[in-house]
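Here is a short briefing to read alongside the coordinates.

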Amino acid sequence: MNVLDYSIIVIYLAMLLGLGYFFKEQHSKKDYFLGGRQLGVFPLTLSTMATQLSAISFISAPAFVGLREGGGMVWLSYEFAVPLAMLLLMVYVLPALYRSGVVSIYDFLESRFGLSNRLLISLVFMISRAFGTSIAIYATALILNTAMGIDFYLAIAVIGVITLIYSFQGGMKAVVYSDAAQMILIFSGVAMILLFSLRNMGGFEVFLANIDSSRLTVLRTDSWGFAGDEWGLWPMIFGGIVLYASYYGCDQTQAQRTLSAKDEGSVRRILMLNGLARFPVVLLYCFTGLVLGVFTVLNPEFLSRVDPNSPDTLVPLFIVEYMPNGLIGLLIVALLAASMSSLSSVVNSLSAVSIEDYTRLSGRKLERDAYVFWSRVTVLFWGAAIVALSIFGGGIAPTVIEAINMIGSVFYGPILATFLLAILRPGVGSKGANAGLLTGVGLNVYLWAAQLQVFWLWWNVTGCLAAIGVALLVAAFVGAGDGAPGRQADADGAVGVWRRDETVILLLAFAAMLLIGWLAPIVLDG
């Protein structure tokens, strides 16, 4: 790295601070947490994508495909469930959430199941999201340290402090517009790595001549994930539907963006675009990893510098050693941008949940200025807590991208089940919902702790089915109790209606992904 690279990094960080200052005027909770519901479809779509296709994907997905033992292009099948999950959300979940006018989606649950359910599920959200985000920051700081020589604690401090300042000042508007810029940077960065890795190995023909055919398989139809086997097509689809539906619709981090849209039509367009646009980005990630894997075979000296216990160092090492100055600075900015995207999204959402829950517990209604003030205070609190946790982060799985998704898979199924019950089953009350949520999470914790041979993507399904089953069973014995009426359908028919054009487009996208997954090894292996 030289002066040019450092200058690019400093200029970018200064621009982020300027963005927070530009949006610093916030007059209400809807301004601070929902951007006044005036944000456009394009920035919101990029923002929702940036939160999940973050530093972890940028760094870890190529490492999984190119180096991870047992990895390869099979990671691409993780995306097949996205169009189906978006369709589920467009029909059943997000119309009801958007129309409720809530800031915290757990406020919606309180209207059905009471305060106890709201506090319970928001606690689950806060613990899982804070822990998962801390691992993401830890991974980025560790990679910047091992691959680029940047001090580990300095890397954490830069990521944490800069993000907190612009999130503190600018609220959701600053978060969304910075995320949109960061998504463009991430995509451009991966594309540049792909081009330079092909050029340094001698071109596309050299890549094809040396490709490892065992890493080309996308559709593992013979693997069900119940015998210690991983990455089968069926758990990727069924577990993926639950995971993505819960993440995009029932996780405050993502749903808060959707709720910031101008109208319900914009909500549907954001989900539609996510269902269509994610796959090309992840395809680029995976193909880049495949090319880098071949590059390491042709350059054993470079491979020897990649930590065998941490394949996630593959991408940063390639950036430092084979990219020209100037581009190195831009790609480090992409790494920092991706981590900042994750942190800014999470602290804003954790703040929203914390403030809304506090007002319920205390029985006090904060005045407008006090609400915005304490929202900013809680942004700082959660940011400091996550940064502190990130210092002590550690490996859970061979790659960080697996670790993050394992953590989420413990909680996503039971959370989705709770929202579906709130919207679609008026006969279920708070006792049933709480019992189902605790049972679903408890079952998944047991599956993890007991180290049973159940692939972790199935945890999304087991947790969801257990939560629904127990909730219905409790409701059958004790009745709805204190549950409020459900929202099965409204006067405008927004909930539970399948729109033909949306359904056809997303099902065709799903079919196209399967076709690409089937054709990829045939085309690449000649």
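A salt bridge here is a side-chain nitrogen of Lys or Arg within 4 Å of a carboxyl oxygen of Asp or Glu. By this rule the chain has nine salt bridges. Please keep in mind that this is a predicted model, in which local features need pLDDT of at least 70 and side-chain atom pairs count only at pLDDT 80 or more, while totals for chains, interfaces and linings use all residues. Residues are numbered from 1 along each chain as its sequence is written, and side-chain values use heavy atoms, with hydrogens and water left out.

**The chain overall**

- The chain contains 20 helices and zero strands; these are DSSP runs (H or I of at least four residues for helices, E of at least two for strands), numbered from the N terminus.
- Of its 526 residues, 61% count as buried, where buried means under 20% relative accessible area, exposed means over 50% and partly exposed lies in between, with a 1.4 Å probe and protein chains only.
- Contact means heavy atoms within 4.5 Å. Among contacts between residues at least 6 apart in sequence, 87% join residues at least 24 apart.

**Salt bridges around Arg305**

- Side chains of opposite charge can pair when their charged atoms come close.
- Glu301 and Arg305 form a salt bridge with an N to O distance of 3.6 Å.
- Arg305 also meets Glu321 in a salt bridge, at 2.4 Å from N to O. This pair links distant parts of the chain, 16 residues apart: Arg305 sits in the loop between helix H13 (300-304) and helix H14 (314-322), and Glu321 in helix H14.
- Glu301 has 59% relative accessibility, so it counts as exposed.
- Arg305, at 37%, counts as partly exposed, and Glu321 is partly exposed too, with a relative accessible area of 34%.

- A network of salt bridges links Asp107, Glu110 and Arg118.
- Within it, the closest N and O atoms of Arg118 and Glu110 are 3.1 Å apart.
- Arg118 has 0% relative accessibility and therefore counts as buried.
- Helix H6 (residues 105-113) is mostly covered, with seven of its nine residues buried. Those buried residues are Ile105, Tyr106, Asp107, Phe108, Leu109, Arg112 and Phe113.
- Just after H6, Gly114 takes a positive phi of about 90°.

- Asn444 lies in helix H18 (residues 430-449).
- Its relative accessibility is 0%, so Asn444 counts as buried.
- Leaving aside residues up to four places away in sequence, Asn444 touches Ser409, Val410, Pro414, Trp459, Thr462 and Gly463.

**Packing of H5 against H20**

- The axes of helix H5 (residues 82-100) and helix H20 (residues 500-524) come within 9 Å and cross at roughly 165°. Axes are lines fitted to C-alpha atoms, for helices over the stretch in contact, and angles run from 0 to 180 degrees between N-to-C directions.
- H5 and H20 are therefore roughly antiparallel to each other, a label for angles over 145 degrees.
- On the H5 side, the contact is made by Pro83, Leu84, Met86, Leu87 and Met90; on the H20 side, by Glu502, Thr503, Leu506, Leu507, Ala509, Phe510 and Met513.
- By class, this contact has 10 nonpolar, one polar and one charged residues. Ala, Val, Leu, Ile, Met, Phe, Trp, Tyr, Cys and Pro count as nonpolar, Asp, Glu, Lys and Arg as charged, and the others, Gly among them, as polar.

Terms used
Angles under 35 degrees count as roughly parallel, over 145 as roughly antiparallel, 65 to 115 as roughly perpendicular and the rest as oblique.
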